[in-house]
Amino acid sequence: MTGSNTTPDEATSERPADPFKPLGNETRLEILRVLYDHLQSASREATLSYSTLRSEVGVADKGNFNYHLRQLDGLFVERGDKTETTTDTHSSSNSDSRTSTDSSLDGYRLTFAGFEIAKVIDVDAWRSHEPCGPVVLEDPRENPVETSTNETDDEPTAQDPLTATYEDSVVEIRRGDDLLYAHAVRPTGAAARGMAVDELLDTASTLWRHTVEQLLENICPYCHAPIERTLEYTPDRRWEHTFSANCDECGSLGGSHVGIVAITHPEAIAFCWDHGLDLTSTRVWSLPFVDDDAVTVLSDEPRRVRLDIEFETVRLELVVNDDVRIVDTERVCRGES
Ligand SMILES: [Zn+2]
């Protein structure tokens, strides 16, 4: 949203040292709140006249008010479209200049950044909350679609229970001590759901699905810059076949098991739907193919793997390249290969 033609280096050097510094004042926060309330009540007509704004913020000293307005101007607040007859600028701390024109036509509104800040404050987005859990989850590995009943001795932690917690605004799914999934859920939304773990899990799963979709579409979920994805082999972790995502602006975005790439692919969605599994609503940690057992390495350089989604008599094979894209699909009857 910050449409800039600058290079990353230039953008970094122009970035204010502390973008929140202008917000460290009650009058300025009140200016944002009044403009936000106006936006909420006035639908698309978001611009509020200077005189109304000052009146509602309740600062009698015009020079003082102008000073605080100026600290927000350009970053969190901008001039509206109602300024056609006004020639002075509010950046002048000399309040007398303003009286020479009709300042009631001089409107202000929130910038997108101002709107985001005001929204976060308004919904108390990151309030503290009581932790929930851990709760033990239904485990897809206890009733595998595949016939992998032979638990191997060299995998002693395979039977660790799958558990969920909600703590410090994050829903985490673990097997034993290993963190498999984590996604933030705003405490406001959690409170509105009565802190019910079951609903928090559905919420977290949906948010996580959307995050994965953005990563697979090359969009950083935080800054919306393009990202890079890498297929990885991580034998030291719970999952060996993973991918990671990285944003030039935000750094590491984490990653997941490579099997998760199937959840947005139309062939996989249709195949699973035909066999009674809805990929668009099943909790991501319940998907049987998000597991190393479903992965076959096809080549190391460049890295390429095959992901198998299996039902009783048929299998969908998905080829994933080193850019974590599904580049080939094939349905085969089991026993054919
Ligand atoms: Zn980013």
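The secondary structure of the protein comprises 8 helices and 14 strands. Helices (H or I, at least four residues) and strands (E, at least two) are DSSP runs, numbered from the N terminus. The model is predicted: local features need pLDDT of at least 70, side-chain atom pairs count only at pLDDT 80 or more, and totals for chains, interfaces and linings use all residues. Residues are numbered from 1 along each chain as its sequence is written.

Of the 337 residues in the protein, 26% are buried. A residue is buried if 20 or more other C-beta atoms lie within 10 Å of its own, exposed if 12 or fewer, and partly exposed in between, with C-beta atoms placed from the backbone. Among the contacts with a separation of 6 or more, 55% join residues 24 or more positions apart. Two residues are in contact if their C-beta atoms, placed from the backbone, lie within 7 Å.

**The open sheet**

Four strands form an open sheet in the order β4-β5-β6-β7, with antiparallel pairing. Two strands pair if DSSP finds at least two bridges between them. Strands β4 and β7 are the edges, each pairing on one side only. From one strand to the next, the twist averages 15°. Strands β5 and β6 run antiparallel and are joined by 6 bridges; L162 stands opposite R175 in β6.

| β4 | residues 132–136 |

Helix α7 (residues 197–216) lies across β4, β5, β6 and β7, and runs at about 85° to β7. Axes are lines fitted to C-alpha atoms, for helices over the stretch in contact, and angles run from 0 to 180 degrees between N-to-C directions.

**A pair of helices**

Two packed helices are described by the angle between their axes and the distance between the axes. Helix α2 (residues 26–41) packs against helix α5 (residues 112–122) at an angle of about 90°, with the axes 9 Å apart. The two helices α2 and α5 are therefore roughly perpendicular to each other, a term for angles of 65 to 115 degrees; under 35 counts as roughly parallel, over 145 as roughly antiparallel, and the rest as oblique. L32, R33 and Y36 of α2 meet G114, I117, A118 and D122 of α5.

**A loop residue**

G74 lies in the loop between α4 (62–72) and β2 (77–79). G74 counts as partly exposed because it has 13 C-beta neighbours inside 10 Å. G74 and A113 are 39 residues apart in sequence, and their C-alpha atoms are 9.8 Å apart in space.
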